Amino acid sequence: MKELYEKMVNEAMAAQWADVEVIKAKRGTEYKLTDGKPYVDAVQKMEAIGDQCKEVIDLHKNSVQTHYDTLCDLTDTVRPEDDPFVEHYQTPAILEILYKEDPKFREAVEKFMEAIENNRALIGKESVRRYGGFYGPTCVVDFALIPGSTSNIVNQILRKTDIPEHYKQAILASKSWGMNTSYGIGDKFAHGIEDGLTLNEAMDREIDTIKMIYDTPIQAQTKLMEEAGHTSFDVFKYMQDYKKKMDGTVKKALDAEVNYANIVTVPAYCVGDISHHIAQSTYNMCKDDVIMAVIEATSKVMDNTLRSNIDKFKTEFDVLSLATGSTAAAVEYILELDGFNAPTVVQLLTRRFHNYVQLYPKRGAAAELHNHDFMDMIYRGWKTLDKARRMKNGSGVKLVPMVNDMPVDLDPIAENEVLMNPQRYAYPACAITVRFSSLMRLADYPCLLTSEPVTATMMTNVIALHKNNPGAPARVCKKCASSCLVDFRHEYCQWRESV
């Protein structure tokens, strides 16, 4: 198994460093699609070993290559306003391939669409709760079944729908890690209410939209992008071309009996580095030296920690847990260098959320998504660091947080010239909030801290070992920071009840 663990670390860190090195070299310049080539090259080196299913790895590799090639055929750049959506064009195409290849799956989806209509009261209640901020900060398009998420609501409907279990899992997965369109439940309702519609009229619009994204996924995403003012490239042509090019890869995955839930998710989560993480918005944000230093130092913490613990891994899940746990500890450590910690920030951002709801009732469905991710990350890191600080006590020994009894190497932060000299980036005598202010920028965009390229790569490796088990959404308690520190919403979660 050591060979597998080393492979997982090498492939994941190759993806991470491809992003970080391009961003560091190109920050402050104009983004071009070809800037993403190093990430594509890193992904193409992935391979199946041992008991891993090659067809699962190919879903990942071929999707990244197809995404890159298709975008290059359509444009030479993507404007910041359009870049969040580039990872939302794959699952609609994959779903339509599955509809064609398996008419029974299409019939199951049609039964689900009937169930959507029959669950008008449930969807209405959840839409009202999202609109009014009932759940507090939440991820409407989260990869888990947290309160207020689209996955949570879809799961509640599926539990009462009479269709085969593996089809239920595919439908659920297609709205979690598999991003079947950019739509988050409740968005049309909120806009309808603010535009002066009656509650019934707003609900009609909401139900029609939810059904549409399952009925005609590609057309639905095209319509959503037209409404969002997307101009960077022809999204309909992208999805049609992507669908044609990925047809063979999907068929091979079907022949290999890969769970449909994995077929709809693996191709989507891995493509975002091209024109989303490696993108103009990232180049603009990382012009700030401190932000760039946070990303770079955190990546080194993860890299060092993973490689130094290779011999301690017992399962493939340990590798992923340490990857995300190490960066959580790293970011919390940087936060604490300025005298802040997770409970303080979670309180701050939760209070801000409720003000934001009142200021912007038409806020985007995903507005607080990354704030939520960031809070969850630092809350996890805080628990790790708090325990380490208590064990360290007054001994004067080095602070070494542990993730599942594996030490996290924080040296890359202590040795970082930028992070250890904040006085160079503000009024020198009073530079006590420099790192915190940069972290607040990253609270809107923590994708390379959590890290998405690493998680995507490692999850594909895990799914390749368990092709028959749905890898998404996460069927565990996410330990949401706001739920644990501020809000009382645990009873509305669906993680135990997942189909």
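**Notes on salt bridges, core and backbone**

1. Arg390 counts as exposed, at 56% relative accessibility; here exposed means over 50% relative accessible area, buried under 20%, and partly exposed in between, with a 1.4 Å probe and protein chains only. Arg390 forms a salt bridge with Asp386, the closest N and O atoms being 3.1 Å apart (a salt bridge is a side-chain nitrogen of Lys or Arg within 4 Å of a carboxyl oxygen of Asp or Glu). Both residues lie in helix α18 (residues 369-392), 4 residues apart, about one turn of the helix. Asp386 is partly exposed, with a relative accessible area of 27%. Helices (H or I, at least four residues) and strands (E, at least two) are DSSP runs numbered from the N terminus.

2. On the basis of these notes: the model is predicted, local features need pLDDT of at least 70, side-chain atom pairs count only at pLDDT 80 or more, and totals for chains, interfaces and linings use all residues. Residues are numbered from 1 along each chain as its sequence is written, and side-chain values use heavy atoms, with hydrogens and water left out.

3. The structure holds 33 salt bridges. One of them pairs Lys32 with Asp76, where the closest N and O atoms are 3.9 Å apart. Lys32 is in the loop between α1 and α2 (37-43), and Asp76 is in the loop between α3 (54-74) and α4 (90-101), so this pair ties together parts that are 44 residues apart in sequence. Lys32 is partly exposed at 34% relative accessibility, and Asp76 is partly exposed at 47%.

4. Asp82 forms a salt bridge with Arg79, with 2.9 Å between the closest N and O atoms. Asp82 is buried, at 2% relative accessibility, whereas Arg79 is partly exposed, at 30%.

5. The largest nonpolar core has 159 residues, and those with the most contacts inside it are Phe105, Tyr214, Ile263 and Leu306. Such a core is a set of buried Ala, Val, Leu, Ile, Met, Phe, Trp, Tyr and Cys residues joined through side-chain atoms within 4.5 Å. Helix α1 (residues 2-26) gives the most to this core, with 12 residues. Apart from it lies another core, of 5 residues, among them Cys139, Ala144, Leu369 and Cys480.

6. How many residues of helix α13 are buried? The count is 10 of the 10 in this helix (residues 260-269), so α13 is largely enclosed by the rest of the structure. Its buried residues pack against α3, α4, α5 (103-118), α8 (165-173), α12 (235-255) and α22 (452-465). One of the buried residues is Ile263. Leaving aside neighbours within four places in sequence, Ile263 is in contact (heavy atoms within 4.5 Å) with Leu59, Ile94, Leu98, Val250, Ala253, Leu254 and Val258. The N-terminal end of α13 is capped by Asn259, which has a side-chain oxygen 2.7 Å from the backbone nitrogen of Ala261.

7. Thr222 sits in helix α11 (residues 217-228) and is buried, with a relative accessible area of 11%. Setting aside neighbours within four places in sequence, Thr222 touches Val235, Phe236 and Met239. Thr222 and Asn355 are 133 residues apart in sequence and 33 Å apart in space, C-alpha to C-alpha.

8. Tyr356, Leu359 and Tyr360 make a nonpolar surface patch of about 320 Å². Patches are made of residues with over 30% relative accessible area and no salt bridge; like charges are joined within 9 Å, and nonpolar side chains (Val, Leu, Ile, Met, Phe, Trp, Tyr) within 5 Å. Areas come from the Shrake-Rupley method with a 1.4 Å probe, and for residues only the protein chains shown count as cover. Leu359 lies in helix α17 (residues 342-359) and is exposed, at 60% relative accessible area.

9. Two cis peptide bonds deserve a look in the model. A cis bond joins Thr450 and Ser451, with omega about -20 degrees; Ser451 is in the loop between α21 (447-450) and α22. The bond from Ala472 to Pro473 is also cis, with omega near -5 degrees, and Pro473 is in the loop between α22 and α23 (481-485).

10. Asp405, a residue other than glycine, has a positive phi, near 65 degrees. Asp405 lies in the loop between β1 (402-403) and β2 (406-407) and is exposed, at 67% relative accessible area. Lys479 has a positive phi near 55 degrees. Lys479 lies in the loop between α22 and α23 and is partly exposed, at 43%.

Terms used:
A polar contact is a pair of N or O atoms within 3.5 Å; within protein, one must be able to donate a hydrogen and the other to accept it, and residues adjacent in sequence count only if both atoms are side-chain atoms.
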